[in-house]
Amino acid sequence: MKIIDANVMGIEIKLLFVSDIHGSEVVFRKALNASKMFGVHYLILGGDLVSKDFALYLKKGNSIYQGEEEVSLDEIEKIYKTSGLAPLFFDSKDELEEFNSNPHFRKEKILEFIQGQIDSWVKIFEEKTKDAKFITIWNTGNDDPLEVDNYLESHGIKVAENEYIEIGDLILVSSGYVNPTPWNTYRELPESTLYNKLEDKIKKLERPEYTIFNFHAPPYNTKLDIARIKDENIHVGSQTVRELIEKYQPVLGLHGHIHESPASDKIGNTKVINPGSNYKDGILNYAYVIIKKEAKGFGKAYIKKFEVKSILLGKG
């Protein structure tokens, strides 16, 4: 029997991480194109996929009005595809007023649009990736309605929130839930509840250190979580996420949520990243990451070591 000595065996995992697209089709398409350009193994969509802002339009015959101003369908479509500002059309002022006054009707109208948005994006995705060599991993964020998970899964797309996903020899653990915000979004939890939720995911793993944390909320008190509030820079990230990174020391932390804090940082031995977001301008913010794996020995003495070899934060 021949023994293969795996003294030094290097393998690179290349991934592109994008977060907080918020319904910008232009940014979504750019993410798919960039994944091909960089030749990555994985594209990870970190959450806040669908539109969160809506523009209301009233139809009168063949004309469309926003307030008293007539607008063209071409202009509406251009703004929507670039910025994610989603158009909702109404046949009468009564219907528009009901949208503003009836939360059930409002939710129904918004979800109807978002379901159509996902249907359209899945078609774009299938068309642009039919010959692609990379794997796309989708997750939702705090601004995505809970129904988005079902809409994606109806197309056969697994939502990372509900899965443990293999990234080479690493395991991706994901969550789109965040610590409380002033806006009462769809996926917020008190820090204590968030801690228990994420800890439950992590402690089921045999080797938590061989993981990538894909947690939408950035860790507290880092370069990743600085928000501009009332002319002050304030750390608004999650204490939970920071504590769990300190405790388990994953290979990498992928985060989003705070658009104005594109940065990389380090907690212990763990490198953490937030690519930031300029989705309203149709600009793609991304993190291109290369992880190097080394394996030494054989049999019971076989060990693996992972190192984040390089991080490139870019936009375009």
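Helices (H or I, at least four residues) and strands (E, at least two) are DSSP runs, numbered from the N terminus. The structure is a predicted model, in which local features need pLDDT of at least 70 and side-chain atom pairs count only at pLDDT 80 or more, while totals for chains, interfaces and linings use all residues. Residues are numbered from 1 along each chain as its sequence is written, and side-chain values use heavy atoms, with hydrogens and water left out.

**Exercise 1. The second largest pocket**

Task: State which strand gives the most to the lining of the second largest pocket, and describe that lining.

Solution. 
Step 1. A pocket is found on a 1 Å grid over the protein atoms alone: it is an open set of points where a 1.4 Å probe fits, with protein on both sides within 12 Å along at least five of seven lines, and lining residues have an atom within 4 Å of a point. Grid points are joined across faces, edges and corners, and the volume is the space filled by probe spheres set on the points. The second largest pocket holds about 260 Å³.
Step 2. Strand S17 (residues 303-315) gives the most to this lining, four residues. The lining includes Lys305, Phe306, Glu307 and Val308, and also Glu209, Tyr210, Gln249 and Lys271.
Step 3. By class, the lining has five nonpolar, two polar and five charged residues. Here Ala, Val, Leu, Ile, Met, Phe, Trp, Tyr, Cys and Pro count as nonpolar, Asp, Glu, Lys and Arg as charged, and the others, Gly among them, as polar.

**Exercise 2. Two residues of that lining**

Solution. 
Step 1. A polar atom of the lysine 271 side chain lies 3.3 Å from the backbone oxygen of valine 308. This is a polar contact, a pair of N or O atoms within 3.5 Å; within protein, one must be able to donate a hydrogen and the other to accept it, and residues adjacent in sequence count only if both atoms are side-chain atoms. The C-alpha atoms of lysine 271 and valine 308 are 7.5 Å apart, although 37 residues separate them along the chain.
Step 2. Glutamine 249 has a positive phi, near 50°, without being a glycine.

**Exercise 3. The largest pocket**

Task: Find which element supplies the largest share of the lining of the largest pocket.

Solution. 
Step 1. The largest pocket contains about 820 Å³ of space. It is lined by 38 residues, of which Lys52, Asn142, Asp143, Trp183 and Thr185 are the closest to its centre.
Step 2. Strand S3 (54-60), H4 and strand S11 (226-229) each supply at least two lining residues. H4 has the largest share, six residues.
Step 3. The classes are 17 nonpolar, 11 polar and 10 charged residues.

**Exercise 4. The largest nonpolar core**

Task: Identify the residues with the most contacts inside the largest nonpolar core, and the element that gives the largest share of this core.

Solution. 
Step 1. A nonpolar core is a set of buried Ala, Val, Leu, Ile, Met, Phe, Trp, Tyr and Cys residues joined through side-chain atoms within 4.5 Å. The largest has 42 residues, and Leu16, Val18, Phe28, Leu45, Ile118, Trp138 and Leu152 have the most contacts inside it.
Step 2. Elements that each supply at least two residues include strand S1 (9-18), helix H1 (25-38) and helix H4 (103-129). The largest share, 10 residues, comes from H4.
Step 3. Among the contacts of leucine 16 beyond four places in sequence are Ala31, Phe38, Leu43 and Tyr286, where contact means heavy atoms within 4.5 Å.

Technical notes:
Buried < 20%, exposed > 50% of the residue type's maximum accessible area, 1.4 Å probe, protein only.
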